[in-house]
Structures are given as structure tokens and as C-alpha cells.
Amino acid sequence: MLLIPCPWCGPRDEIEFGCGGEAHIARPENPDELSDEAWADYLFNRANPKGPFAERWVHSHGCRRWFNVVRDTATNEILAVYEMGAPRPEIGSPPVLASPDESGTTSDGESL
Amino acid sequence: MRLAGGGRIDRSQLYAFTFNGTQYQGYAGDTLAAALIANGVRLVGRSFKLHRPRGIFSAGAEEPSAIVQVEAGASTLPNLRATQVELYDGLSATSVNAWPSLAFDFWSINSLFAPLLPAGFYYKTFMWPQSLWHSYEAVIRRAAGLGRAPEHPDPDIYDHMHLHCDVLVVGGGPAGLAAALKAGRTGARVVLVDEQNESGGQLLGNRQQIDGAPGAEWATSAAEELAALDDVRVLTRTTAFGHYDHNHVALIERRTDHLGPAVSDADGRDGGPRQRVWKVRAKQVVLATGAHERSIVFRNNDRPGVMQASAAACYVNRYAARPGHRAVIFTNNDSAYAAAADLAEGGVSVAAIVDARPEPGLDASALAAGQGIEVITGHAAVDVKGRRHVEAVSIAAVDEAGNAAASASRSINCDLLAVSGGWNPCVHLHCHSGGKLNFDAVQACFVPGESKLAVRAAGAAAGIFDLAGCLESGFEAGADAAQDAGIKRRGRARKAPVADAETPAPARHLFHVPSSKRGGDYKAFVDLQHDVSASDIALAVREGYESVEHLKRYTTLGMATDQGKTSNVPGLAILSEVLGRPIADVGTTTFRPPYTPVTFGALAGRDVGTFADPVRKTPMHHWHETAGAVFEDVGQWKRPWYYPRDGETMQEAVDRECLAARNAIGLLDASTLGKIDIQGPDSVTLLNRVYTNAWNTLAIGRSRYGLMCGEDGMVFDDGVTTRLGDHHYLMTTTSGGAARVMSWLEEWLQTEWPELDVRLTSVTEQWASAGICGPGARRLMEELSEDIALDAEALPFMAMSEGRVAGLPARVFRISFSGEVSFEVNVPSRYGMALWSILMTAGEKYGITPYGTETLHILRAEKGYIIAGQETDGTVTPIDLGMGRMVSKKKDFIGKRSLSRSDTSREDRKQLVGLLTEDETEVLPEGAQIVSEPRPMPPMEMIGHVTSSYHSANVGRSIALALIRSGHSRIGEQVFAPLPGKRVMARIVEPMFFDPEGTRLHG
Ligand SMILES: [Zn+2]
């Protein structure tokens, strides 16, 4: 089970989250002007890379906020977490926590 | 065969136990296997496929043969390894695979047919012809069965715990203790888990020394120091069974299994859980999981009395139990010499050490010489005599290539054959999380390679087999793990414990001694539990299963409950022999969780009994119960399905409710309908984007029906939304879809339209709602309303007014799902019961009749109104439903572009129509397939299916809704529903069966 750092709640078990698939897929401004192929590409086609992948997650059983995660699909390592609307960060640096409050880390378990 | 002294058993505590019905005695500190050995019991089980007699092979988790069921009744546990079952007074165990009895095993007749049961025999024999599988199956299941699952509810409780730590050390042997000490002394939060009842690992079973004293003493003092450290937790009788992403490690702690089920709470059961699953998140993991000794594959190497050399020594040293009187050691490495010396010290007569190498190491030679044991080099065991247990071993010279001479050079009488084929590091947890393995060609074993996780191996798990090296690597791993976990402090320097240096000679890569006897090789076993032999592997390769993954599945090598802990590497070695490729190139299958089997009870924890999903009840629920309502589940809600009166069948009750709703007054509890309060200046923009129709013109106090689509153009929910103020709307959704719609709107607002100034609040449970419909509805409402004008002009269809009803603050909506004049009265939830009671009392004189969801469904079907989720299934567009008029041409909305895709704009899509059966009493089953030909031949062309179907008392016959290909243009056509035993004829009609002009609705 992944440990996902929610920007608002801190690291939580994956079971609290939902995954919304690839990030940065903007809804076309004028769908009527698109060809069937171009619309189908927006609707159905998603990247499936081995390696860093930007995807949307929602903390369904927590703050209910959506945010972006860059996850390495080969190792499941989480390389960056950033807010909706923010550009995808350069990967290669350690995980970036775009948290407004670093002290928000909590855990639901017993600590030693 | 108990030794007079020694061992880590408590001779003052004598325990009685039974095995397969026979009574024996043992001591506290014994395992079941140790106590059986001490009692001279050799035959403990039968093999899975051939039912060959099997004995105790190991002294730990890797045991393939001594599989037992402990206790009977509700607390029984199947498929336990006798080598890990701690003895307690009164323990009762049976062999799992010996029906009808162990001594006379009916199925051992399988052995005679062994040549007919080769690799892949399940596939070859039992999958074809398929019709015969069912008759084989019962027999096979009985023959091949492992333990029996308990048949009664589990009387015990089980727990789940969550734990976060800096360093998790798995394994309490020398390396694990060293790692935990080093990390613990820095102040790090450390967890040490060990599957045994006490720390020490291999030190408990051998006679190695640390600081000039027995290693087990050092282990005891190390455990005491750890127990005294504040931030260290030591969990014994706890197995780390799975290692997952982000250093999530699952542990199973067996808290009371070693006490037995009969022990009272006062004696240590403490009323707590029997077992506990710990879910650990560790910043750093140290795998000090040790190693398992391999066997060597030769003819009849599965006979009871053939045992790992280290296990034989362990039984003597730790349990003071002699596994035989006269032993032969067969080895390809030095480690078995210490075992031989231990056996000799324990009074076992060691007849010879048969070493496949030209010569052993110097230390090894000295050990043998010290005990006066004959060493026969350059030889290998080639056969074992004796059926129920070892009587003699035949040995022969082996050449450079590993082939044994054609005739045995000698036969040595013995009742114990202790074998060492080298060691396999326990890399299981490393593999669980996707870690790579490297083949160590010198030691002929797989060692942990690269891992994506913060994990390191120490000691034997890392391929370091000497004690001094284990301690050193343990200390180093503990220090590094604490540092990498961010602990700045370093522990006070201590004098490192000293173990004797060892200088072993290299092992010989001998995994398999091919039999010289033609055709008999199938009796040389690789996987003892699944009866996979060397010749099975060769056969699988001949049949084309050359990949290690195919080989595994075809032969079932390593797929038994022991997961091939001792057989995996010999199996790969034989595969590499047959293929003529190096082992490193052949590769290995991966290990998956669990390391050893875990009970379902522990995995379920407290999540047993009543489903944990919340049960939602409306404020009027108690009234429905008192009225004798039959409930149905709608999402999490309990909704009245119908209200039977004395003696009424369901159909009679529903008919009565349906007629009352159209001829008097019907009353529905509509509180479960999803309600979302929408506020903010951009509310109307949101509505325009998520509904197919336009919302700009909706006046305050007016309602509108809306359809919601996914971006693929398919309808996924519907409901009425009312404008309450300038920037204030109330959206209703289906009862079951409320949470989904809320999440859907939130997702769009947060991810795509953050610029919209809109706030959403779920108010489903803030409002109780009563739907009053029928010809008497307005009269009753007028009686109860103080300040709301209710005539058709003041409050027309699809309008809302606020005021007081029966003295309660209320919103009255003129909306209808029945086609009747209808008022939906919303009051704050706390007044729901009051409202309902007043309506029932005041409405009595008009014949008010409460109705449930069945009547609700029939009334709306009579009018052809859809239910999202019943008429729609994620493949239906608004146009398919005949609701094209609700699709705005002027504005964009979610899913709009998809409606003009080539597939969604096809003319011949399935479309919503009504169906009337030729026989008016025939009610089609929902889901029935529709065909156009009366007598179609296979393949029949399905042109649609029934989505809703009822007997309608108001129409006086059966009615149905269906999705039919090109249905809108086929009105009047005849179709057929082929049903079991009959074929029902029906006519396609408009989906409207009652009051098509809608005069009642607007009245
Ligand atoms: Zn959160």
C-alpha cells in the first residue's frame, strides 16, 4: 500500500485516496471544433509510461482535495506532490511537498 | 530418544499430547516436531500427489513435509508446520494428508501409478474431456486435500495494529540482534520481529560461541538489553509475512496459539486477541531473515529419516532429542561437519560423512577427526533403502560432471541421513517488494540485489554465513539504517562481541545426483510437498516449458504451502542442467506474500459479523417499521419496499398502493433523495456545464429536471434542481447516486474550473421529505398549509414555495415522479416524523396510503419515466432515451461533443421503448433478451433487453420498458423474448402507458 503525502493532511495510507488518472489533460476549449479523432484522443487516450508519471489523486476519505502527484510507475516512488493548476515540477530533485503547513503530519497509528 | 540432559526445554513441565490419536509426552520448550522426534515418531505425513510416507525434514518455517492440523472444532488451524507448533499440555494434532489413516494410506496406491502421474498431469488428464472433470474432481480433492477448514464460527478475536518506526529489523538471529542493538542504542524507534518464541535464531540450535560462551547466552543478554531500551519493541512469535510498497511490512503475531485453546483467561489468554496483524511503516528495513539449508536431489531422498544436517543438529542441541541412532552425513560443503560433530556429541553414532568434494576444509577435517568420524570424499548418496524410514544409504563415486558411478560402491546402514546441499538466503521479503536477486556463483545461491525500497540485508540473508560475519554485518546494517532514518545521534561505543573466525573451503555445486537406474529417476525429489521430481523437470523441458515461469506452473514446483523454500534453487539448477545454460541465465521465479500461511481470521481482524458499511435510516424509519413495512436496500439506505396489511401478498399490497396513489392519496418517504445545496455567483454556470439542458432562464422559485452525462455522452444521473435565490440552488440526485454526483461536481470544480465561485454542501440528511400525490393531495395540503398558496396558478407544476405546513417550516415543491398532482414537502429532519404523523392522521379521511419503492417504480414506469441505473447502464445517451429535447444545441456541456461521435450518432443504437406482451398477465423478467424472429436459430441476434417490467394495477395489465435497437422507428413491431421453456410475444409501443396527455399532472 502506498504512503501518499497529501499536501493538506500529511502522509496517509493509499486506502484513503482515489486516483484520477493522468494529470495535465486540459478539457478542450471548443470541443465542437475538434475532429472525432482529436476528441477521442482527449476522451480515451492516456500515456502509460514506465517511469515518472504525473497523475491526479483525491483525498476522498480525508480533506477531499484533489492534487497532483509525480509517481515512478516502475518503483511507485513518489517524486513530487503539487497543487492542481501548478505546472509539473522538474523531476530529479527530492520529493517536493507543496504543503501550506509542514506540521500537519499526522498518523492514524500507534507511535513508538 | 530424549537425551539425559541439555537442550532449551523445561524438564519440570511435562506435557501430554496426541498425534493422530496416539498419546505422547513432551516438555515445555518443545515444538511438536521435536516432541515427535523425542518419542521416536518417524512417519508424520504423506506427500501431496503420490502419498509417499514422509518424515520431519527441517526444524523451521521451511518444512515441506510435516504439515499438521492442530485441534478440532471451531478453533482448529490447518496446514501448520509441526516444526513451528509450540507444544502445550493437551495439544492434539493430526497429519493433514493421510486419509483414511497415516499408517494404512489408501491413496498410497498412487505411488504404483506414479509413472502415470507425471508433470502437468492435472492439465493432461483432468481437463479433458471436460465433462468428466466433475467426476474426477471429488476424488482428486479428497486425495489431494490439505487441512480442513473449521466448519463453525471462529470463537476467537483478532486484531489489527498500526505501527510507525525508524528501523524495522526482521529476524532475531545474531545479525538481527546486532542490527537492533546498534540502531536501538542511537535512540531510534526500532522494532525487532522474530517468528520464534525467543531470540537467537540459529544460535539456539547450534553450539557456536560468542565471547567464549554459548551463542544463545549472548542472544539472551542482547534481548534483555533491547527490552530495556525505551524506543525498542521486540515482537516474538511474530512473522513478517509481506513486504510492500513504501516499506509497508505486514506482521502476524501469534499471541495465544502456544497456550492452546483450553487455557483460561487467567493463565495468560488475558481475553485479548488470539492473533494480531501489525501494519508497519518503517523508514528503514533490515532483513536479517537467515538462510534455509538445501537438500540434494537423489533417489528416494524423501524417505522419513532424510533431514537437513542443520535440523538434525538443532534437535540434539536445542531440544535434546535424538533424530536417529546411527547417522550418515551427506554434504557438498563444510557446514555439515559441525552438525556431524554436534550429533556425535549428542550420542548419535555418526557412521560416515559422505562429501562430494575431493577434500573438505581444514576446520571441517579437524571436527571430523576430533569425533573420529570417517570421511568419504568424492562420493555422493545415490539411493536410500527403507520405505517407512531410512535403513541404509548407498553411495557411489561422483565424477567431475556430477555423475555418479553406475554401481554403488558401498551401502551404509543408518536410520538418519543428514544432508547439506548448501544454503539459500531467505530473500522472500526482499522479493515481495520487487527487489532483484543476484546469483552468487561462488556460494551457489541467490542473494538480495537492488531494491527500490529503503531496505538492506544482513547476515545469512545477505549470503554471509559465518557467525563473525553475521555479527559484523548486523552491526553495520543497524548503524547505517539508523543514520539513513535521520537519527543523528550515535550510540555509545561498546566492545564488539567476538566469534571464532571460520575458514571454510568452497562448496561444490552439486544439486542433483542423477540416478543410474533407467526409468526410476522420478523418485528423486526436488519439491517434497508437491512431489516434483528431477525427471518431471526434464519432462517439462522436453514438452517445451523452458521458461522458469512456465516450468513452475506446469510442474507446480514451489507452489505448495512451503513455496519451495528448500526446493527452489535445486529446481533451477536442474533446469539449467537440462537446458545447458548457467543458473544465473535461467533466472528465478519470484516469491510472493505470505512468507508462511496467515489465517483468514487474522486478516479479517475485527471486520467480521455485520457489514461495516453504515446503515442509513430516514427520520420516519421508526414509523415504517411499526407499520410493518418490508424494507429494501437502496445504496446504504433502508427504504420501505411495500407495506403489506394482514394476509396480503406482495402483489396485493403493491396493487392496493398503486391504485390509492392514483385514486385517493399516496404518501412516499422521499427523504433519501440526494440533495446538494449550491451557492455562489457562478452556480448557474456550473449547472449549465454539468446538465444537458440550459439553466439561464430558470426563475427563482422554479424547478427544472436535468440529465447529467459523463464526458463520453452517457447518462449517469438525473434529478430536479430548484432555484432558491439569486445565487442559490438546490440540486436533487438519485438516492444511490448522491455521493457520486457530489464527488463528480467537486472534481470538476477543483481540477478544471477553479475559477468558478461556487460552493457545494451535501444536505441530504438535513431535510426530511414527504411526497403527497393523487387526486386528494391538494385538498389535504390546503388543510395543513397556513401561508402557502397551492392552486395551480400560484404553485404550478415545477414550482416551489416556502412557508409552514402543519405548523412546521417547510419547502413545498410541485414536482412529480408519478404523473399525479404531487407535492413534495421538505422539512428540517428533526420534524420529519411529526410531519409524517400529521399527514397520516389528517389524510385518513381521504384514504391516504403510504407506499414504498415498488409502487414508486410502477407509477413512474406507467408514465415512462426513467430511473438512472435501471434504464441506463453507462451505454445510454439522452437521445437513446428519447430525451433529445433536453439536449441543448446552444451551449457546451460535459459529454456534448461525444453525442456527435460516429458511434453515438448511429441511427441503430438501442433506444428506450415500451413493450406490451401479447398475454396481458405475462410479466417479462427484467434483463430478458429480445429477438425479432419467432424461431431463431443459433446464433440468435439479440436486438435488446427488458429494463423494467411490472404488473400495473392502474393499466390493468403487464407493462415493460426496454432498450431495443432502432426502437424509436420500430413502434408497433412484434418482437419475442425467448425464456426458459417458452417464448413470449410482445409489441413495441411508445414508453407511456397511462395518461399520455399529462392532464392529471398539471391539474
Ligand atoms: Zn488530505
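Mentor: In this predicted model, B:His428 counts as buried because its relative accessibility is 3%, and the cut-off for buried is under 20%. B:His428 belongs to helix H10 of chain B, which covers residues 428-432. Leaving aside residues up to four places away in sequence, the residues that B:His428 touches are B:His292, B:Lys565, B:Phe591 and B:Tyr595.

Turning from that residue to the meeting of the two chains, 32 residues of chain A are in contact with 35 residues of chain B. The size of an interface is often given as the accessible area lost when the parts come together. Between chain A and chain B the buried area is about 3,000 Å², and carbon and sulfur atoms give 46% of it.

As for the polar side of this meeting, there are 23 residue pairs in polar contact between chain A and chain B, counting pairs with both residues at pLDDT 80 or more, and the count of salt bridges between these chains is six. One salt bridge joins A:Arg27 to B:Glu711, with 2.5 Å between the closest N and O atoms.

On the side of chain A that touches chain B, the elements giving two or more residues are helix H1 (36-44) and strand S7 (110-111) of chain A. H1(A) gives the most to that side, with five residues. By kind, the residues on that side of chain A divide into 16 nonpolar, 10 charged and six polar.

Methods
Residues numbered from 1 in each chain as written. Chains lettered and ligands numbered in written order. Predicted model: local features only at pLDDT ≥ 70, side-chain atom pairs only at ≥ 80, totals over all residues. Heavy atoms only, no water. Helix = DSSP H or I, 4+ residues; strand = E, 2+ residues; numbered from the N terminus. Buried < 20%, exposed > 50% of the residue type's maximum accessible area, 1.4 Å probe, protein only. Contact = heavy atoms within 4.5 Å. Buried area = accessible area lost by both parts, 1.4 Å probe. Salt bridge = Lys/Arg side-chain N within 4 Å of Asp/Glu carboxyl O. Polar contact = N/O pair within 3.5 Å; in protein donor to acceptor, adjacent residues only side chain to side chain. Nonpolar A, V, L, I, M, F, W, Y, C, P; charged D, E, K, R; others polar.
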